[in-house]
Amino acid sequence: MRVAIVTPYDLSHDGGVNRHARSLAGALAALGHRALVLGPASGEVPEGSQGVPGVVPIRANGSVARIGLLADSRATARILREGEIELVHVHEPLVPGPGRHALAWARRHRLPVVATFHASAERELPVQTLLRRVAARGLGRIDYGIAVSREAKRFSRAVFRGRTAVVPNGVDLSRFAAALARARGERRPHRRPRILFVGRFGEPRKGLAVLLEAAAILRRVGRPVELTVVGAGP
């Protein structure tokens, strides 16, 4: 099967959703399918991906989302047509850009559509919910929905009432097999619990400040932990 996996975020910049899309494409290719990753791009894109110009940085959810707000719908349609796509898989279908264009293209050509919902929020103002519902026009064409967590599913219900399965993000453990084998061979007894934080720790929503405060509390009460931080930020 020829599948188009459409991400809303700039393919020229790494991020969780883009990594998810590329990893899914690799898994599908290993099963014998042809998978194309499509999205907005401000520069070079990873191998196996195709980008559409028109990226605009937008502040959202405590970060900066680089989305294809000015992406050309005709360029998106051309890539899908030339790829002879049989199924369209759109990530974050509410975000303007190639994902919305791909939804419209799939509707015209009566192709099956899968959508993955990643976002969630603890609190949302009524006006924000209303705006999301207005932006949700066209989501009725989605045949199957995927949410990466129960919270993401709950958040998506305001705009998509179709069939949705919770499928958590996967991890390809084979990438770490050699390192795990070395670690088992070199394992030494240790007394302190060990915590690994991975993420862009410059963003408050990633929670590093909360983790550091918790580690300080544990130290004060005589239960210190060994904390390793991996990521980027000030």
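Analyst: Both faces of β7 are covered: Val113, Ala115 and Phe117 on one side, and Val114 and Thr116 on the other, are all buried (under 20% relative accessible area; exposed is over 50%, partly exposed in between; 1.4 Å probe, protein chains only). Strands (E, at least two residues) and helices (H or I, at least four) are DSSP runs numbered from the N terminus. This is a predicted model: local features need pLDDT of at least 70, side-chain atom pairs count only at pLDDT 80 or more, and totals for chains, interfaces and linings use all residues. Residues are numbered from 1 along each chain as its sequence is written, and side-chain values use heavy atoms, with hydrogens and water left out.

User: Which strand does β7 pair with in the parallel sense over four bridges?

Analyst: β6, residues 87-91; pairing takes at least two DSSP bridges between two strands. His89 has Val114 as its bridge partner in β7.

User: And β8?

Analyst: β8 (residues 144-147) runs parallel to β7, joined by four bridges. Ala115 is partnered there by Gly145.

User: New topic. How many salt bridges in the whole structure?

Analyst: Nine, counting a side-chain nitrogen of Lys or Arg within 4 Å of a carboxyl oxygen of Asp or Glu. One of them joins Asp14 and Arg19, with the closest N and O atoms 2.7 Å apart.

User: Is Asp14 buried or exposed?

Analyst: Exposed, because its relative accessibility is 52%. Arg19 is partly exposed at 39%.

User: What about Arg154?

Analyst: Arg154 forms a salt bridge with Glu151, closest N and O atoms 3.1 Å apart. Both lie in helix α5 (residues 150-156), three residues apart, about one turn.
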